[in-house]
Amino acid sequence: MAPSIPSHAQVVIIGGGIIGCSTAYHLAKLGWTDVVLLERKQLTCGTTWHAAGLVGQLRATSNLTRLARYTADLFTTLEEETGQATGFKQNGSLSIADNEERFEELKRGASMARFCGLDVEVISAGEAKERWPLMHADDLVGAVFLPKDGQTNPIDTAQALAKGARNDGARIIEGVKVTGVVTENGRAVGVTTDQGDIAAEYVVNCGGMWGREIGRMCGVNVPLHASEHFYIVTEAMEGVAADLPVLRDPGNYAYYKEDAGKLLVGAFEPVAKPWGMDGIPEDFSFDQLPDDWEHFEPILERALHRVPALESAGIQLFFNGPESFTPDDRYMLGEAPELKNFFVAAGFNSIGIQSSGGAGKVLAEWIVNKRPPMDLWDVDIRRMLPFQNNASYLHDRTVEGLGLLYAMHWPFRQYESARNVRRSPLHDRIAAAGACFGEAGGWERPNWYAAPGSEPKYGYSYKRQNWFENNAAEHRAVREGVGLFDQSSFINFLLQGRDAAKVLNRVCANDVDVPVGRAVYTQWLNDRGGIEADLTVTRLAEDKYFIVTAFATQVRDFHWLQSLIPDDAHAVLTDVTSGWATISLMGPRSRELLSRVTSADLSNDAFPFATAQDIEIGYGSALALRMTYVGELGWELYVPSEFAVNVYDAIVAEGQSVGLEHAGYHALNSLRMEKCFRHWGHDITDEDTPLEAGLGFAVAWDKPDGFIGRDALLRQKESGVSKRLVAFTLDDPEPLLYHNEPIWRDGAIVGHVTSGMFGHTLGRSIGLGYVHNEDGVNADWIKAGSYEIEVACERFSAQPSLRPLYDPKAERVKA
């Protein structure tokens, strides 16, 4: 019999894997019972059924760790709640290191785990051997043990979530294929299926490796690609006890899991095999992919070294099944920017089981409350860019992406695959100048410059990398002379129309109803006062504004502003990024250099800070904006793309006489850190307010008609803050800070570093991070404490500051 489907539901969920089941479960828990989950075949038949079922809690960031921890907590009670066995057990996990660099990575992760409240132990190779007796451990230098990690049966756990959802009123219907998403006025309003249509208020794409195809039904960008994923299961082995911890051996690309007295050995090999380039077969259900012993053999050889007992163990199963991967190995969650009320939870990169509880919970809360319940930028679908849905790009990135799960997570590590997607008009010029390029949002960006005769290539380490001195030289050039930055990856919007000022002034916390030619640094806030964007706005005309933001938030920021333009407003938002190149000249000699290539008056009186003018350079012209992210006198030059090379050549030709040096994004970062300039996504997010972030100076409290978030900020201003962003410098000049290092105050953890870098002017590492205190945080409380920052499980004394560490009065910027 054909399944009976309703004509209407409040929410339709597409996909019956563990993510779809978790979303239905959590929506029902929130009281939304008019939920219908549609599965094309049977629950779990795509990728959930063959997952290894590892339930680790420590992820790459503190927020993702919070979600994974919730999953583990949920699984401890799910069987009792639903009566459906899950097979969940907390037998712990052991991650091993066979070299000092890997051990430092593990210890840095252990430090973050402490901040996140996880039980974690850093142990010796001998102690690791005691916990995992079958392991060859003579070549190990140490390990990290998380006793609350575990494993579960993926099918049973998904069924338990489905049962819990049904018990609370949700409907789960198998054997129904969604064939389309119905849209109306930019909103999802239902689905079409092979059994009839369902009208809905919300549609949720939990389609797993079908997620991209479902997104394409309605013009939504869901960039993911399937990859083959391999494991073997041995016959029963002596010594494989039921409480044997999960073993992760990332240096050999492998993980080991007890499976009913047998051993499952899986791999995240460096060169993966993308799958499904010609589409997923229509009848795919609980399918396996063909064996490939030749591909798996190098992994098995390494496994025989780590677990010698495998030599005599029989292999009961060789398994190959597909898993979906995203371009940055982080899953996608949230409302699609292209389509209102269409939500996505897909692309889980082989961590779907351990992410399922947390992802389902926060997505359900996002749908019900119409906003994310926490900072989810790590996985927010709005970080994805349209070009990333390109099939060739996805295929090539997936070759690398799977293996990155177990590769070294070096600071500043760059992708090697799917490169040269977006290039500045100046690319060839700066390559000739020695640029070592990194990739960000598809852009090839100069991160640092190699000295003449040396190769512009990274040598990775957790210590000082091979470009450290290059970075120092670029940093000094900007502080003492003049540096040139190619910042063409800046994102540029135009807002035009007679209502542009009214619309933008409502969105901006600062006052942007300013004279033509003025530039304003501002935040965009949500109604809770959280910072949704951090950018500059320049008024070009009475009815025209130029908005500059970061590459990472191109889609997010455009969508945020677009969604806040009233239907009856005469204001049009346009992304003009591709039309411009950006050359920044920064440093105390920038005025001297720029004066040699333009006839414009660059004096303070004629061209003050935070203003913009059109100027001629070479045979071209530029919108010159006197603004800085490095804390020195300088100009950002926005040049029409076709004139960029001519303008660049003119500047470089004259620059030789004033000691012009090229500078990269690593220098930009070290320079901004000394000035304590915030970075959205790290130091400020939608969970942080300007008062907490020390940005109250950029709030126009009394401007007419107010701004979004003003009421929340006024309440916080009255009550005081319980967290505050603080700058720290380490007393010891040797350790390096990156992010997520715990901050200790008087022997207790009070926060963590949000971004870190070595400050070459100061001669030591700098970290920005929030300190928390339920009873309130003010300057006196901050000054009264004694601080340490934990780096790889070792604490180093640190000094706090609420002022910029360099030029706190901004005298150099306004020189």
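# Close-up views of a predicted model

The structure holds 36 aromatic pairs. One of them joins tyrosine 458 and tyrosine 460: the ring centres lie 5.2 Å apart and the planes meet at 15 degrees, so this pair is stacked. The model shown in these views is predicted.

**View 1. Ring pairs build an aromatic cluster.** The cluster links Trp410, Phe412, Trp448, Tyr458, Tyr460, Tyr462, Trp467 and Tyr738. Tyrosine 460 has a relative accessible area of 24%, so tyrosine 460 is partly exposed.

**View 2. The largest cavity has a volume of about 110 Å³.** The count comes to four cavities of 30 Å³ or more. Which residues line the largest cavity? They are Phe412, Lys463, Arg464, Gln465, Trp467, Phe468, Asn471, Leu736, Leu737, Tyr738, Met757 and Phe758. By class, eight of the lining residues are nonpolar, two are polar and two are charged. Helix H11, residues 468-480, supplies at least two residues of this lining. Strand E36, residues 748-759, also supplies at least two.

**View 3. Valine 750 sits in strand E36.** Is this residue buried or exposed? Valine 750 is buried, with a relative accessible area of 12%. Now find tyrosine 787. Valine 750 and tyrosine 787 are 37 residues apart along the chain. Their C-alpha atoms are separated by 9.7 Å.

**View 4. Five strands form an open sheet.** The order across the sheet is E25-E26-E27-E24-E28, and the pairing is antiparallel. Which strands are at the edges? They are strand E25, residues 519-525, and strand E28, residues 572-575. Each edge strand pairs on one side only. Neighbouring strands of the sheet are turned by 30 degrees against each other on average, direction ignored.

**View 5. Strands E25 and E26 are joined by seven bridges.** The two strands run antiparallel. Threonine 522 stands opposite leucine 535 in E26. The hairpin of E25 and E26 has five residues between the strands. In this hairpin, glycine 529 takes a positive phi near 90 degrees. How many residues of E26 are buried? Nine of the eleven residues of this strand, residues 531-541, are buried, so E26 is largely enclosed by the rest of the structure.

**View 6. Strand E27 pairs with E26 and with E24.** Start with E26. Five bridges join E26 to E27, and the strands run antiparallel. Valine 537 has isoleucine 547 in E27 as its bridge partner. A hairpin through two residues joins E26 to E27. Now turn to E24. Six bridges join strand E24, residues 491-496, to strand E27, residues 544-549. These strands also run antiparallel. Here leucine 494 stands opposite phenylalanine 546 in E27.

**View 7. The second largest pocket holds about 660 Å³ of space.** The pocket is lined by 22 residues. Which lie closest to its centre? They are Glu335, Lys370, His559, Trp560 and Ser563. Helix H13, residues 554-563, gives the most to the lining, with four residues. By class, the lining has seven nonpolar, four polar and eleven charged residues.

**View 8. Strand E2 is mostly covered.** Strand E2 spans residues 35-39, and five of its five residues are buried. Both faces are covered. Val35, Leu37 and Glu39 are buried on one side. Val36 and Leu38 are buried on the other. What does E2 pair with? Four bridges join strand E1, residues 8-14, to E2. The two strands run parallel. Valine 11 stands opposite valine 35 in E2.

Conventions: Residues numbered from 1 in each chain as written. Predicted model: local features only at pLDDT ≥ 70, side-chain atom pairs only at ≥ 80, totals over all residues. Heavy atoms only, no water. Pairing = 2+ DSSP bridges. Axes fitted to C-alpha atoms, helices over the stretch in contact; angles between N-to-C directions. 1 Å grid on protein atoms, 1.4 Å probe; cavity = no way out; pocket = protein on both sides within 12 Å on 5 of 7 lines; lining within 4 Å. Points joined across faces, edges and corners; volume = space filled by probe spheres on them. Nonpolar A, V, L, I, M, F, W, Y, C, P; charged D, E, K, R; others polar. Buried < 20%, exposed > 50% of the residue type's maximum accessible area, 1.4 Å probe, protein only. Phe/Tyr/Trp six-rings, centres within 6.5 Å; stacked < 30°, edge-to-face > 60°.
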